[in-house]
Amino acid sequence: MTTDEVTGLDFMEHSFSNTLPRRDFLKLAGGGILLFFTVGDLDLLAQQRRGLPTDFNAFLKIGEDGRVVCYTGKIEMGQGIITSLRQMLAEELDVALESVDIVMGDTDLCPWDMGTFGSMSTRIFGPALRKAGAEARAVMLELASEYLKTPIDSLTVENGVVYDKSNKQNRIAYAILAKGKKIERRAAGSVSVKKPSEFKIIGKSLTRRDAKEKVTGKAKFTSDIRISGMLYAKIVRPPAHDSKLVSVDVSEAKNMKNVQVIQEGDFIAVLHQYPDVAEEALSKIKVQFEKPELDLNEINIFDHLLKVAPEGKVVTKGGDIQKGESESAAMAEHTYLDGYKAHAAIEPHAALVHIEGNKANVWASTQNPFTAKEEVAKALGFSSEHVRMMPVFVGGGFGGKTTNLQIIDAARLAKLTGKPVQVAYTRKEEFFFDSFRPAAVVKIKSGIDSKGKMNLWDYHVYFAGSRGAEQFYDIPHHRTTAYNASWTGAAGTHPFATGAWRAPSNNTNTFARESQIDIMAAKAGIDPIEFRIQNLADKRMQNVLRSAAKQFGWKPAKAPSGRGFGVACGIDAGTLVATIVEVKVNKNTGEVKVIRLVCAQDMGLVVNPEGAKIQMEGCLTMGLGYALKEDVRFTGKEILDVNFDTYEIPRFSWLPKIETIIIDNQESDPQGGGEPAIVTVGAVVANAIFDAVGVRVYQQPMTPERVKEALKKG
Amino acid sequence: MAEETIKFKLNGKAVTLSTDGDRKLLWVLRTDFELTGTKYGCGEGLCGACTVLVEGDAVRSCQTSMKDVEGKNIVTIEGLSMNDQLHPLQKAFAAHDALQCGYCTSGMIMNAYSLLSKNLDPSVSDIVRGMDDNICRCGAHKRIIEAVQSAAKEMKGGMKP
């Protein structure tokens, strides 16, 4: 394979020089056929689009060169949509995959988008893109019909060429039809998309579109962008959140050659043309802070959370809880705990801001460039039309790159120095400013009747959030209550910022629910897979579970069987997941080793099956971290884990044998892919530990200490 | 800052640089030479994103002082593909989808290069042991192992690392 055989990255070719004057982007899009479409809420869109069209938020263009370009505000951070979005568009337009480019995240070229999170790109954006593609194809057929003087019914399209079915010589290419034209259409949604039986490109496994850039080191992440005259900034940070600056002495840093010191109240920064020299200058600043008094840590946080919890809101309910209690033959009541987790993407947050006159160009590692654009505009006092977020690769997000504090720092410093300024977090800053997955508590009371059928479910979740809290078993008397339904809390709840973390809420909720279901299966003396199937009304979930069991080679036995097998189900972003695991538990050390993971998933229509499997593998591997090791330690508002020596994330040596199965369900709408499989990992491990050694760990992560403690209690 | 003149070989070319010998190689590569394929991940040698080859050995460039590379032969990810021809490891990483966000990829490939230069027929456990100190958050581990195995096979077939 030569370099030519691995295709390059689209959006770089479509980026315009940053000196280009600002313009109405419709003008910039140039000649050709433009098709506009809308994804999501029009009202929300109208609020965001001052002075710009508000009836669409994505568009595609068939250019005079025959290239098809989709402009979207989504970003690529490893999840692979740069590949799958192309597939969808090429399929519906009947053009070669190679002729499709996806321009992402450039706020001047791309219409407004809320952000890249919630597994929405394929699930929500995808169907709209396909419809737009189908509609654009219909426009091309109309034009071709006129040109070829042939009725539309007699025409067909292959590789971007329209021809007469009865006379293949009577043909015309999209590129020629687009030449010299400026046709703008709004998608009306009246043209239907292809049926799965007609697919040629959707459903095919493709390697990553951006692979070549990434294996050669050429892919540009934010901190890789260099512009002449730029300075690297390092900022004085407090030891704990909400600390008070007591004294500061910058004289030694000021004396360093070519070092610029900026001081605006307690915002103190040093800048230099080399980031390492700026770092050295920072170390010369003598600074004293007073930390706030707060008696909280990773151990007593749960009592605190229960104390400050707001009133609960019932998410779902059915039947009568009291009746369920009185009719239960056996009940169990347990409390589950989950600590704070860091996003820990390997790329720390970074931003580069370049101000020219009243305009700013910004490169930043962010999942929501359009939000960032507004934030920068506000920080600079610029009109938001004068701020442009440039396209860059994002080195992992997982929800963590929806907070953009580093961009504001860079914008502030660019304004104060009059130079382009880069702010790139150190790993310590990355941990300090992370919006952690929240610590949370779940309390569950559940019961079975005399036949082993679930008949009671009373579920209370504190601070994890309500995503994935609703149980999906067939239980006559059930109630789900969320105390703070989001992953952020009111002031005084968490000692630092919390936020969405890959499949937010659902990792904690699935851990608690599926542990409790397993407890009930053991009480009923029924094999945990059989017990779930008996209590699931949803045939699709039964099918997913059976598929996983078949692949695993599951032989029914009630737990604890001593085999170390565990099972769990979950639903996230519309996708149904079942995972089965085999673990080995070292009774002396408490160490849990995951040997094998089998995961089946029903995610509806699959655009790029290999891409979907990669996401499943990523979820399962990453999930081992929160299941076994990851727990942010802190004292008050000071974060104690600030690098990978004490905050351990999964490594090669942790890797189990991973097998993934995608259920064939091409007739259904596509569902989430980047998050669902991760939600089951904690629960399968907990259930497998119980199956192995007969004791249960009720807190994530299931560290050796906690396993040993559980064994001691017996 | 005491400037000194440091000479070394970078991706096959002799280079000379006047700089503070205590500066770390990572930052010199990324700024003075604008070779940004080598990444910062942790700054303490814990993650491997900054891995480069010094005399054929994988080292953490964030922990390597410039004064220690005097006269040495340094190869970065940019120096791996020659004449637009991808190295077997680069091809294997692309073909096996052994990356997601791609931020740790340069370090992974450089570390694997060093591993394969010492052991052209590694077992899976050799690869796991050899790669264990390079971390990836996206969870591409499974395919990275497959890519390294596949590259090893191709390189055994005559291609020099």
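1. Let's start with chain B. Among its contacts with a separation of 6 or more, 60% are between residues 24 or more positions apart. Bear in mind as you read that this is a predicted model. Chain B averages a pLDDT of 95, and 96% of the residues score at least 70. For the model, the scores are ipTM 0.97 and pTM 0.93.

2. What is chain B built from? You'll find five helices and five strands. Walking from the N terminus, the order of elements is β-β-α-β-β-β-α-α-α-α.

3. How does the radius of gyration of chain B sit against that of a compact globule? Chain B comes out at 15 Å, which agrees with the value near 15 Å for a compact globule of 161 residues. Its C-alpha trace spans about 45 × 35 × 25 Å along the principal axes. Of the 161 residues in chain B, 58% count as buried.

4. Now for where the two chains meet. The contact involves 52 residues of chain A and 48 residues of chain B. On the chain A side, helix H7 (211-215), helix H9 (275-283) and helix H18 (609-628) each supply at least two residues. H18(A) gives the largest share of that side, eight residues. Sorted by class, the side of chain A that touches chain B has 24 nonpolar, 14 polar and 14 charged residues.

5. Chain A itself splits into domain 1 (3-215), domain 2 (222-291 + 349-424) and domain 3 (301-341 + 436-713). Taken over C-alpha atoms, the centres of domain 1 and domain 3 of chain A are 39 Å apart. Their contact takes 18 residues from domain 1 of chain A and 20 residues from domain 3 of chain A. On the domain 1 side, helix H4 (81-93) and helix H5 (121-148) of chain A are the elements giving two or more residues. That side of domain 1 of chain A has six nonpolar, 11 polar and one charged residues.

6. One residue to look up is A:Cys569, which you'll find in strand E23 (residues 565-572) of chain A. Is A:Cys569 buried or exposed? A:Cys569 has 28 other C-beta atoms within 10 Å, so it counts as buried, the cut-off being 20 or more.

7. Who surrounds A:Cys569? Setting aside neighbours within four places in sequence, A:Cys569 is in contact with A:Glu514, A:Arg532, A:Met541, A:Leu545, A:Val577, A:Ala578 and A:Thr680. As for A:Thr579, it lies 10 residues from A:Cys569 in sequence and 6.4 Å away in space, C-alpha to C-alpha.

Methods:
Residues are numbered from 1 along each chain as its sequence is written. Chains are lettered from A and ligands numbered from 1 in the order in which they are written. This is a predicted model: local features need pLDDT of at least 70, side-chain atom pairs count only at pLDDT 80 or more; totals for chains, interfaces and linings use all residues. pLDDT is the predictor's confidence in each residue, from 0 to 100. Two residues are in contact if their C-beta atoms, placed from the backbone, lie within 7 Å. Helices (H or I, at least four residues) and strands (E, at least two) are DSSP runs, numbered from the N terminus. Ala, Val, Leu, Ile, Met, Phe, Trp, Tyr, Cys and Pro count as nonpolar, Asp, Glu, Lys and Arg as charged, and the others, Gly among them, as polar. Domain bounds come from an automatic or database domain assignment. A residue is buried if 20 or more other C-beta atoms lie within 10 Å of its own, exposed if 12 or fewer, and partly exposed in between; C-beta atoms are placed from the backbone. The radius of gyration is taken over C-alpha atoms; the globule rule is 2.2 Å times the number of residues to the power 0.38.
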